[in-house]
Amino acid sequence: MKAKKSLGQNFLQDEGVIHNIVKIINPQADDRLIEIGPGHGAITEHLQASGAELQLIELDTDLIPILSERFAASSNVTLHHLDALKLQLKNGPYKVVGNLPYNISSPLLISMLYQASQIEQMVFMLQKEVVQRICAPPGEKLFGRLSVMLQHRFECLGHLSIPPEAFNPQPKVDSQIIQLITKQNPTQVPLPELEALVKQSFAMRRKTIRNNLKGMISVEQIEQVGIDPSQRPETISVAQFEQLTLQYIESKK
Ligand code: SAM
């Protein structure tokens, strides 16, 4: 079957890499797993062998009969012909895993963030640059919207880097495995407001936080949470963004 670029199809062909990603997922018989984009089942077969309850979410119509036949005898596997961006999790918590189609990785991660209460952890193969952006600490060039949003709710661990040769067809970029573990006691901040404030804060990276947030929050409120208004957005910590959002919500009341 010819790989579909529009569906971000880069199938894993390196057994060593498959073994590594499965090792990080560490599937157990009492786990509830969701695999996004199982493709031909390269990772799936190892997950299925653990005996865990496994739900597969695949969008490609042509792959559905192939997967259905391959896992027909596995009573622990359920196949859903579905767009992962429309996934509504319930009855969790789940481990959500997959070698993601890179074209939907950011919106998918944000969708999962909004459903974090249904998620125990996630293990994904992503474009290396995206993993580095997610895991970047404040002060680093790559620290931005995705870092703040995901670090707010998850412990973000970057694992092995994977070269293009591990896939067929080969992607143009390096990949990396990331593990996102849901925080047990996250700071209570409403996500839509955090998202709106973080988006506005990074609207122009070279501008100060005061300028980016003009009209949204006052200089006094910025100072109240211990931020110097002349700081650039990438120097502000996740905890400070959380506090700033709470100030913003307070000021709207
Ligand atoms: N897991 C397989 C592997 O590692 O060989 C395939 C990985 S491939 C990078 C991405 C998979 O996600 C493909 O099977 C593709 O059809 C599927 N896919 C693409 N967009 C999707 C979406 N919106 N929802 C669910 N699956 C999607």
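Predicted model: local features only at pLDDT ≥ 70, side-chain atom pairs only at ≥ 80, totals over all residues.

Me: Why is Ser175 counted as buried?

Reply: Buried means under 20% relative accessible area, exposed means over 50%, and partly exposed lies in between (1.4 Å probe, protein chains only). Ser175 has 0% relative accessibility and therefore counts as buried. Leaving aside neighbours within four places in sequence, Ser175 is in contact (heavy atoms within 4.5 Å) with residues including Tyr102, Met125, Lys128, Leu160 and Phe167.

Me: What makes the pairing of Ser175 and Tyr102 a polar contact?

Reply: A polar contact is a pair of N or O atoms within 3.5 Å; within protein, one must be able to donate a hydrogen and the other to accept it, and residues adjacent in sequence count only if both atoms are side-chain atoms. The side chains of Ser175 and Tyr102 are joined at 2.7 Å, so the pair falls inside that limit.

Me: Why is Leu160 called partly exposed?

Reply: Leu160, placed in strand β7, has a relative accessible area of 38% and therefore falls in the partly exposed class. Beyond residues up to four places away in sequence, Leu160 touches Asn20, Ser175, Gln176 and Ile177. Leu160 and Met125 are 35 residues apart in sequence, while their C-alpha atoms are 9.5 Å apart in space.

Me: How do you know whether Asn76 is buried or exposed, and what does its side chain reach?

Reply: Asn76 is found in the loop between α3 (63–70) and β4 (77–81), and its relative accessibility of 15% means that it counts as buried. Its side chain reaches the backbone oxygen of Ala52 at 2.9 Å. Apart from neighbours within four places in sequence, Asn76 contacts Gln48, Gly51, Ala52, Glu53 and Leu54.

Me: Why is helix α6 described as largely enclosed?

Reply: Of the 9 residues in α6 (residues 145–153), 8 are buried, so this helix is largely enclosed by the rest of the structure. Among the buried residues are Leu146, Val148, Met149 and Arg153. The buried residues of α6 pack against α4 (105–114), α5 (128–135), β7 (154–162), β9 (175–182), α7 and α10.

Me: How do you know how α7 and α10 are oriented to each other?

Reply: Axes are lines fitted to C-alpha atoms, for helices over the stretch in contact, and angles run from 0 to 180 degrees between N-to-C directions. Angles under 35 degrees count as roughly parallel, over 145 as roughly antiparallel, 65 to 115 as roughly perpendicular and the rest as oblique. The axes of α7 (residues 191–201) and α10 (residues 238–252) come within 9 Å and cross at roughly 110°, and the two helices are therefore roughly perpendicular to each other. In this contact, Glu193, Leu194, Leu197, Val198 and Ser201 of α7 meet α10 residues including Phe241, Leu244, Tyr248 and Ile249.

Me: Which residues come nearest to the ligand, and what distance separates Asp83 from a ligand nitrogen?

Reply: A residue is near a molecule or strand if one of its heavy atoms lies within 4 Å of it. Of the 23 residues around the ligand, Gln9, Leu12, Gly37, Glu58 and Ala84 come nearest. A side-chain N or O atom of Asp83 is 2.8 Å from a nitrogen atom of the ligand, and a backbone N or O atom of Leu12 lies 2.8 Å from a ligand oxygen. A polar backbone atom of Leu59 is 3.4 Å from a nitrogen atom of the ligand.

Me: What is the phi of Asn91, and why is Asn91 called exposed?

Reply: Most residues other than glycine have a negative phi, and most peptide bonds are trans. Asn91 has a positive phi of about 60° although it is not a glycine, and its relative accessible area of 57% is why it is called exposed. Asn91 is found in the loop between β4 and β5; Pro93 lies in that loop as well, joined to Gly92 by a cis peptide bond with omega about 5°.

Note on methods:
Residues numbered from 1 in each chain as written. Heavy atoms only, no water. Helix = DSSP H or I, 4+ residues; strand = E, 2+ residues; numbered from the N terminus.
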